[in-house]
Amino acid sequence: MTERTRFVGLDAHARTIAVAVAEEAGAPDEYGVIPNDPSSVRRLVGRLGGPGMRLVACYEAGPTGYALHRQLETLGVECMVVAPSLVPTRAGDRVKTDRRDALKLARLLRSGDLTAVWVPDEEHEALRDLVRARADAKADALRAKHRLSKLLLRRGIRPPHGVRAWTERHWAWLGQIRLEEPSAEIVLEDYRSVVRAAEDRVRRLEGALLSAVPERHRPLVGALQAFRGMAFLTAVTIVAEVGDLRRFATAPQFMAYAGLVPSEYSSGATRHRGRITKTGNAMLRHVLGEAAHHARHQPRIGTTLRRRQQGIPAAIVELSWRSQIRLHHRYRHLSARLGRPKAITAVSRELAGFVWAVGQQLEVPAG
């Protein structure tokens, strides 16, 4: 018996899923709306599937995560999680409803015009959540410090000359400050306690990260630390956000994933290349940019970097040295012509190429 394929478009929300079905030929049909819970999804698969029927489903990536994808795969349904920003849209289409979105997804899934996102396994997703929680904690701590410093600035209170912000001497100075108004003193003490709690939170999450990296990811995390500017937190962020670098066939594909390739508008004999696209993974782009700043300095292997390179394959250590020479030369050349910000962006893009090269030598085993 010949197997038929049925394409299912799902517009998933927190409580409901709008469903549309497209057969191998003909216009897609609206199926209806079902609750977004495992039992309802199981019944849906039972009704749409059956002997001789192959189900292929898709839904857009969003706040509902990958639980629906994992359940459908368990039920034998081929499921694609779609990049929302890359879903084709008809010009002039100004009507958006859940029903129409589901119909569009079913139609585009059948025609092969959708772009899938990478779906991590549960262990990898947990690591990524921990990395992002640490980044959130760092941002919250920075905001708390800003609030405290601006409170003091408004009252004309500045740290003594030579005291660096948030060092032990700075904290000792903060502890001696008293404000005359009782209400202001309450605010000051509250801001100080929030900063202390925020810094404790960052330290706690960073400590948890040290032991949370799965064994299958440790070789790649260690190899990335052989590069200058990539200590543990940068390396684990890259691995958590990207996973197996072998899923990118070429280095430019990985650069595009990080949003570090220039935008382009070309027509006929006219060719215009603009700023970087900034599409893709923003956190990956951020840590690569931070690491790229080290290209300003002359190539060298200091004590800390030499320690991180111990036990790393010689080929990767050699690659890290070549990257230092290459990126420093590029930075000096481009900063003189284009200025420092553009030079850092260009160096970030080339650094992404070196990261990709490391990933081709060290395979991340599947979970």
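Student: How far is the sulfur of Cys 58 from the closest cysteine sulfur, and which residue holds that one?
Tutor: This is a predicted model, and in it the distance is 7.5 Å, with Cys 79 as the partner. That is too far for a bond.
Student: Is Cys 58 buried or exposed? And what about Cys 79?
Tutor: Cys 58 is buried, with a relative accessibility of 0%. Cys 79 has 10% and counts as buried too.

Student: OK, switching to pockets. What volume does the largest pocket have?
Tutor: About 790 Å³.
Student: Which residues lie nearest its centre?
Tutor: Those are Ala 83, Val 117, Tyr 257, Gly 280 and Asn 281, out of 26 lining residues.
Student: Which helix gives the most to that lining?
Tutor: H4 does, with four residues. Helices H4 (122-154), H9 (251-257) and H10 (282-292) each supply at least two.
Student: How does the lining of the largest pocket split by class?
Tutor: You get 13 nonpolar, seven polar and six charged residues.

Student: Which residue lies over the face of Tyr 257?
Tutor: Arg 247, at 5.2 Å from the ring centre. Tyr 257 is also one of the residues nearest the centre of the largest pocket.

Student: Nice. What's the volume of the second largest pocket?
Tutor: About 430 Å³. Its lining has 14 residues, and Gly 274, Arg 275, Ile 276, Lys 342 and Thr 345 lie nearest the centre.
Student: Which elements give two or more residues to that lining?
Tutor: Strand E7 (270-276), helix H12 (314-338) and helix H13 (340-361). H13 gives the most, with five residues.
Student: And what classes are in that lining?
Tutor: Six residues are nonpolar, two are polar and six are charged.
Student: Great, thanks!

Conventions:
Residues numbered from 1 in each chain as written. Predicted model: local features only at pLDDT ≥ 70, side-chain atom pairs only at ≥ 80, totals over all residues. Heavy atoms only, no water. Lys NZ or Arg CZ within 6 Å of the ring centre and 35° of its normal. 1 Å grid on protein atoms, 1.4 Å probe; cavity = no way out; pocket = protein on both sides within 12 Å on 5 of 7 lines; lining within 4 Å. Points joined across faces, edges and corners; volume = space filled by probe spheres on them. Nonpolar A, V, L, I, M, F, W, Y, C, P; charged D, E, K, R; others polar. Disulfide = S-S within 2.5 Å. Buried < 20%, exposed > 50% of the residue type's maximum accessible area, 1.4 Å probe, protein only.
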